[in-house]
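Hi everyone, thanks for coming. Please have a look at the model on the screen, and I'll walk you through it.

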Amino acid sequence: MKIVTAFFDLGRSGYRNHSRSPESYVRAFLDGIAQIECEIVVFVNKAAKTTLESKLEEAETRARITLIDLELDDLPLVELKDQVVDVLSSSSMRFYSLRDTLLPLNKFFWLFWKVFLGRAFGKRDTIWGEITTELPKAPEYNHWDYLVLTWSKPWFLSQAFERELVSESSFVVWVDFGLGHSKSEFSQMVKGKR
């Protein structure tokens, strides 16, 4: 079996919520999937490669790891940046992002009447801009580059085949680079597995 993954430094250590440093991602990788006896292809940008290479030199891994240079601008979905930014900043996206920011009960009743009366008086199209919500916390609601990278997972798998990094007869799976987030239960579960 071969694993394909990607490690891009998108500046996540500076995210307002759900921040993680490049070093924490590398630690999770080294404690997790790098302990599986397999081949791993890692697509990596220059900003992340230095961190990864220095830690790989010091680490004991069971996986055979191949690093492939690739920049975010090389991903085909980067051309959608302006559209993604527009959607992320839209009032309707703020409304639908309530998954992370459920309204307190007292605001809910006020919001209900505001929406109800707005629809009754013909404000149907403008109501989304009047709904007050907190800014969403999850990175998929705030960072276009995070989305582009996430949406590119199938493309990375395709690239592994096109670049002949894996053969057509190989069993290949995508695994998130920092899977397990260095949780000891995960590390123990995968260590030495094939």
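Let's start with the sheet: an open one of 4 strands, in the order β3-β2-β1-β4, with parallel pairing. Strands here are DSSP runs of E with at least two residues, helices are runs of H or I with at least four, and both are numbered from the N terminus. Two strands pair if DSSP finds at least two bridges between them. At the edges sit β3, residues 64–69, and β4, residues 172–174, each pairing on one side only. From one strand to the next, the twist averages 25°.

A word on what you're seeing: this is a predicted model, where local features need pLDDT of at least 70 and side-chain atom pairs count only at pLDDT 80 or more, while totals for chains, interfaces and linings use all residues. Residues are numbered from 1 along each chain as its sequence is written, and side-chain values use heavy atoms, leaving out hydrogens and water.

Now follow β1, residues 2–7. With β2, β1 pairs in the parallel sense over 6 bridges, and F7 stands opposite V44 in β2. With β4, β1 is again parallel, over 3 bridges, and there I3 faces V173.

Which strands does helix α8 touch? Helix α8, residues 153–162, packs on the sheet against β1, β2 and β4, and its direction makes about 150° with that of β4. Contact means heavy atoms within 4.5 Å, and angles, from 0 to 180 degrees, are taken between N-to-C directions of axes fitted to C-alpha atoms, for helices over the stretch in contact. Helix α2, residues 46–58, lies across β1, β2 and β3, at about 160° to β3.

Why do I call β2 largely enclosed by the rest of the structure? Because 5 of its 6 residues are buried, that is, under 20% relative accessible area with a 1.4 Å probe, protein chains only. Across the chain, buried residues make up 37% of the 194 residues.

Stepping back, the chain has 9 helices and 4 strands. From the N terminus on, the elements run β-α-β-α-β-α-α-α-α-α-α-β-α. Of the contacts with a separation of 6 or more, 79% are between residues 24 or more positions apart.

Key:
Buried means under 20% relative accessible area, exposed over 50%, partly exposed in between (1.4 Å probe, protein chains only).
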